[in-house]
Amino acid sequence: MITALWIMVALAALLGLILGYASIRFRVEGNPLAEKIDAVLPQTQCGQCGYPGCKPYAEAIAKGEADINLCPPGGEEGIHKLAELLGVEFKPFGENAQPKPKAVAFIDEETCIGCTLCIQACPVDAIVGAAKQMHTIIASECTGCELCVPPCPVDCISMLPLEEKLTNWKWRYPVTPLKLSK
Amino acid sequence: MALSGDSFKAIEMRTLHHFHGGIHPPTHKSQSTGTGIATLPLPEKLVVPLHQHVGNCAVPEVRVGEHVLKGQRIGRPEGRQSSAVHAPTSGTVAAIDMQTVAHASGMPDLCVTLIPDGKDEWIAHAGVDYRNTSHTDLRHMLRDAGVVGLGGAVFPSDIKSYSRHHKITTLVINGAECEPYITCDDMLMRERPRDILRGAEVLRELLYADEVLIGIEDNKPEAIAAMRKALEQDGHQHMEVIAVPTLYPGGGAKQLILVLTGVEVAAGVRSTEKGVQCFNVATAWSVWRAIAHGEPLLSRIVTVTGNVEHAQNFEVLLGTPVQELVAYAGNKPDTGRYIMGGPMMGVDLPNSSVGVTKATNCIIAASPALFPPPQPALPCIRCTRCTDVCPAELQPQDLYWFAKSNNFGKAQEFSLFDCIECGACAYVCPSHIPLVHYYRYAKSEILVRDHDKRAADLARERHEFRQFRIEREKQEKAERLAQKERAAAEAKAKAVTELPTQVDPAADADDTQQLRIDAALARAKEQAAAASPRNTELLTPEQRSEVEAIEARRAKIHKIASDAGADDEPPKRN
Amino acid sequence: MTDYLLILIGTVFVNNIVMVKILGLCPFMGVSKKLETSLSMGAATTFVLTIASGSSYLVNHYLLGPDLAYLTTLSFIVVIAATVQFTEMAVKKTSPVLYQVLGIYLPLITTNCAVLGIPLLNVQEKHNFIESLLFGFGGAVGFTLVMVLFASIRERLEGADVPGIFRGTAIAMVTAGLMSLAFMGFSGLVK
Amino acid sequence: MWSSPFLTTPVSVSQIMLRVLYALIPGVALYVWYFGPAILVSITLAVVTAVATEAAMLKLRNRPLKPFLSDNSALITACLLALSIPPLAPWWLIVIGTAFGIAVAKHLYGGLGSNTFNPAMVGYAVLIISFPAHMTQWLAPGMLSLLQLPFSAQLSYIFSGHLPSGSTLDALTMATPLDTLKTQLHLGLSVDEIRSMPIYGYLAGKGSEMVALGFALGGIYLIAARIIPWVLPAAYLGTLFIIAAVFHQIDPEHYVGPLFHLFSGAAMLGAFFIFTDPVGSPTTFRGRVIYACSAALLTWLIRTFGGFPDGVAFAALLMNMCVPLIDAWTQPSVFGKKEGKR
């Protein structure tokens, strides 16, 4: 009995030593996973996930603090990508976080009073203009985050959905007549 | 046909190469080669799209109601990769607006509608002798004449006829015309071989190419004979007409280059990097017309065939509505739809009122009897008939499997973008799967995703820069405050202890502040410079007109402001 | 030499731990959605299994001996747990994404019955040190082999028109069954 | 919106499958010639079961019946399975095998074109593992059976399991040539001694060698009609030949010659009809070579050392399993991206 005890203790001590050495040798700095997650996120910086921007959300996911279905601009595809990256099951969007069609903000320049509140709100500096000057939005830089809409005191910002044009037209998924005829 | 000893020897020595796969669909070519090229009477209205080429849309240069002459430029090329558009005949501009164009999407694009006045009155034009004109001028002429690749790719010829970094050994002139039904190049070669060869000579000159190889599929003996005769007549040197085996898609640029030279040009690689360049025969012809006669590209040869009484080739003014063209050829009543291009790679036209463009080499009137609706598709049984015929040596069945299940990453891994969409796979598929449609779907989805990804990266960058800027501003503010306090304290102390000297600490602070402002201005300028091209480059015509309207409004406001003579500081423009 | 070869072939094909002995099904079903992942999981398991069977042989032979046979299972679990811990740290350092992807399955190698099963079988079959190592290695290679095959089948099945209720794990189970059926073809080949 | 191309060839899946069925005719005809018409009963049973199962599964999966029933793929599965099991087996055997193959191995995977495993071989494997005794009652060729059982009696045996009084099954059936070879080798006889037994003919088993020849003929038609790639049967038969020849050279006492391997069991049927199933075989040339060679090796191993008389079915299933991996790892380089080329 004593021998058995001694043997187990010796075993535990030996393995403990090895593991202790390994934990020093293989220490990991930083969190490279967060960056991978950040690369998947759409970078709208809209804060709909409850975090101030995409990067913080990515860090929260990496730490396991946030769910993967909180990013409506990423769409269901975004969740699928996250699920694949993290090796977890797909999770549909919650009730109050449904994706909307893509849009860009548009400032009605007749109404704009040049208060610069929207410029301060824009997370990607896509609004140009100076105090008391009319502001305008650089459409190609706008992420459609809608953060500029609520601060506007005169409600001159509206979200225009992106229309399909010849330049961004896509081929539709081929419909097999066979399945229609069932 | 008599061959000179020299060219005979060259033909003997030339070994042709083979590309993988290929198919032999029924050609249906003879029905439209019975009669020569006819000229279509002047239509009542021309709808000329301003975007008939690869690259940026041409910018309209005329106003509604303006009278234009034949050959007058109505669209100015915009940016490096673009081409000019001209009035195909004299008349009045009736509209400049968005109209449905000959594109699979059926989407509208900016078009100039021209009502011909019937006089067909030319604008003053003159050619040059290419031998004593600089190459830059020649290329400018091509760009201004709106010469683009007429084989269907419509890539601006001025860009293609320039190779700075690579020595071009072989210029390939493509007269293969492998698609069924199409005969426009065949007829052009039969009737106007000399101008084609002269155009090829100009292109050779521009590219400093050693030799010119003209590849024609061996099912066009008349065209081969005519071209060889012209070659001999005009005594072109280092130029050879080569009959290549009839095998679809042997007329694809990559395939023809391989057959003639043995060089494989991979997807995403310019053929010039391999020392080869390829032009269509019709392009060579219009190059000659543009250089030697100063005639811009106003018309092209179009094969009208299929379900019509007299299938024939016509010289058609660009912008001619397709319905007038087919009506003239004797459209039969059961024609259901129209295909632009050949049956293998052509486009199902959204309607018959769209205008003929530079890419329109053929219009097929399609009846249900000639082109039955697609059969229901069965699942893929992996029989690899598609693999056997794929000229790009892809695995079409795998690409289909991935495209079908939206597995785009895998599709790209299996070289989806090397697919040339020739349709050989779908042609042989026993399950009748619209394979090419799946590839097109997957490609456009991937392109959109790539675009989104780039936009996301840009947004991340801008967001991070903003965070950084806010942080820095905060710091600067704190610093400034601290400095001010320190200065105040110092000043106080100084005032107490000694007489104030003329050394003003505030001046120092001012200086640094000025420096900082300058730096910020420079940064802003830089940023503006970086941002502005993106801002203005990709604008649609409406957006552009919108911008112009806004500019005008702004100018008006400024004027009102300055007229009022208020003590407001002058409005800044950013 | 022939004996060693037979042990290898036997464990990889004929007595495959997953398909024939039906051990280690948990990671087999869990980490076989993607080819790359399953390959990495296989590599990690191979590493753990080889080390575990070698060290448990040493423990059994030199530490325990016939007197303390009742300690076999207990001490093996300790050895395996330590090896897995070590592997986990190494993977976390070298490939964070793999670490994340393997997720819970990496520590679960500890409870992978194949990993305990093989050292115990070693004891049962009275293998010597080299044989134990080979048995562990062969078993793990067999595990990796079927994992990789299974993952590639599952990847292809992603695009298949599998009936709704059979999508995912259900069809994977059916596939595992049919694979096991195919592996019965090896029966009688060795021993 | 239609997408080009607007032309297609008139070839259809249904025609291809039909031609495969035609190619089976010479083999089946020779089968009937040597072993009597009982096989036709099995084929009919299998076909009826296959079509019924297919229809039922399509209905359950809510898929259109007509295009899928007329693709003829179920018929091939039925014929291959019927040809792999003894014709005198009880009727429910073939019904179970076919139904399992079609329902589980084909339709659970998504039906035509999606099945990972060859449905006929899955059916066969299930039967040989579940009912090994019933799978050994092979008919002796006509000239060997001492007592010819009338066809009606055979029918009644298939459906009721009873033989007319006075006749025994032993007189009618025998183990397959491969099985006999294995058993007798175990008993210590040499290959030559075994080969001189009356059940063996010129190449392999009397009668069955001719049936194999018939399948080979049909297979050559399929290659000529470009329905199956030549490389699969060539690599398979070639490898089997070489392995068998090498071992036969080393030890002719214990290893039977290459021709015997080629013409016995399901080797020919497998080479031309089972391994060439497009759904369960690789699509690349290199992949096909790997697949066929490994299949031949497995066939030979299982036949020579394994516990089952023939290895074709298990070799097919084992290789089916490897196909996605082989395909993924043998992707050929595409146009313009080959190494060593300009």
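**Group meeting: a walk through the predicted model**

Let me start with a helix in chain B: H4, residues 184-191, has 7 of its 8 residues buried, so it is largely enclosed by the rest of the structure. The buried ones are B:Cys184, B:Asp185, B:Asp186, B:Met187, B:Leu188, B:Met189 and B:Arg190. As you go through that list, do notice B:Asp185, B:Asp186 and B:Arg190, which are buried along with B:Met187 and B:Leu188. One reminder before I go on, friends: this is a predicted model.

Staying with chain B, let's look at some backbone geometry. Most residues other than glycine have a negative phi, and most peptide bonds are trans.

B:His238 has a positive phi, near 50°, and is not a glycine. You will find B:His238 in the loop that runs between helix H6 (221-234) and strand E11 of chain B. Is B:His238 buried or partly exposed? B:His238 has 14 C-beta neighbours inside 10 Å, so it counts as partly exposed; the cut-off for buried is 20 or more.

Now go to B:Glu421, where phi is again positive, at about 55°, in a residue that is not a glycine. Its loop lies between helix H12 (408-413) and helix H13 (424-428) of chain B. B:Glu421 has 21 C-beta neighbours inside 10 Å and therefore counts as buried.

Next, the cis peptide bonds. In chain B, the bond from B:Tyr248 to B:Pro249 is cis, with omega near -5°. B:Pro249 sits in the loop between strand E11 (239-244) and helix H7 (253-261). D:Pro5 belongs to the segment before helix H1 (13-35) of chain D.

While we are in chain D, let's turn to its partners. Against chain C, the contact takes 29 residues from chain D and 26 residues from chain C. Which helices of chain D each supply at least two residues to that side? They are H5 (91-107), H6 (119-130), H15 (285-305) and H16 (312-329). H16 of chain D gives the largest share, 8 residues. By class, the side of chain D that touches chain C has 21 nonpolar, 7 polar and 1 charged residues.

Chain D also meets chain B: 30 residues of chain D are in contact with 47 residues of chain B. What is the make-up of the side of chain D that touches chain B? That side divides into 15 nonpolar, 11 polar and 4 charged residues.

Last stop, chain A. The domain assignment gives domain 1 as 32-86 and domain 2 as 101-163. Their C-alpha centres lie 25 Å apart, and 6 residues of domain 1 are in contact with 7 residues of domain 2. On the domain 1 side of that contact there are 1 nonpolar, 5 polar and no charged residues.

And how confident is the predictor here? Chain A averages a pLDDT of 82, and 94% of the residues score at least 70. Over residues 178-182 of chain A, though, pLDDT stays under 50, and the model has 10 contacts for them beyond four places in sequence. Where pLDDT is low, the predicted coordinates should not be read in detail.

How values were computed: Residues are numbered from 1 along each chain as its sequence is written. Chains are lettered from A and ligands numbered from 1 in the order in which they are written. This is a predicted model: local features need pLDDT of at least 70, side-chain atom pairs count only at pLDDT 80 or more; totals for chains, interfaces and linings use all residues. Domain bounds come from an automatic or database domain assignment. Two residues are in contact if their C-beta atoms, placed from the backbone, lie within 7 Å. Ala, Val, Leu, Ile, Met, Phe, Trp, Tyr, Cys and Pro count as nonpolar, Asp, Glu, Lys and Arg as charged, and the others, Gly among them, as polar. pLDDT is the predictor's confidence in each residue, from 0 to 100. A residue is buried if 20 or more other C-beta atoms lie within 10 Å of its own, exposed if 12 or fewer, and partly exposed in between; C-beta atoms are placed from the backbone. Helices (H or I, at least four residues) and strands (E, at least two) are DSSP runs, numbered from the N terminus.
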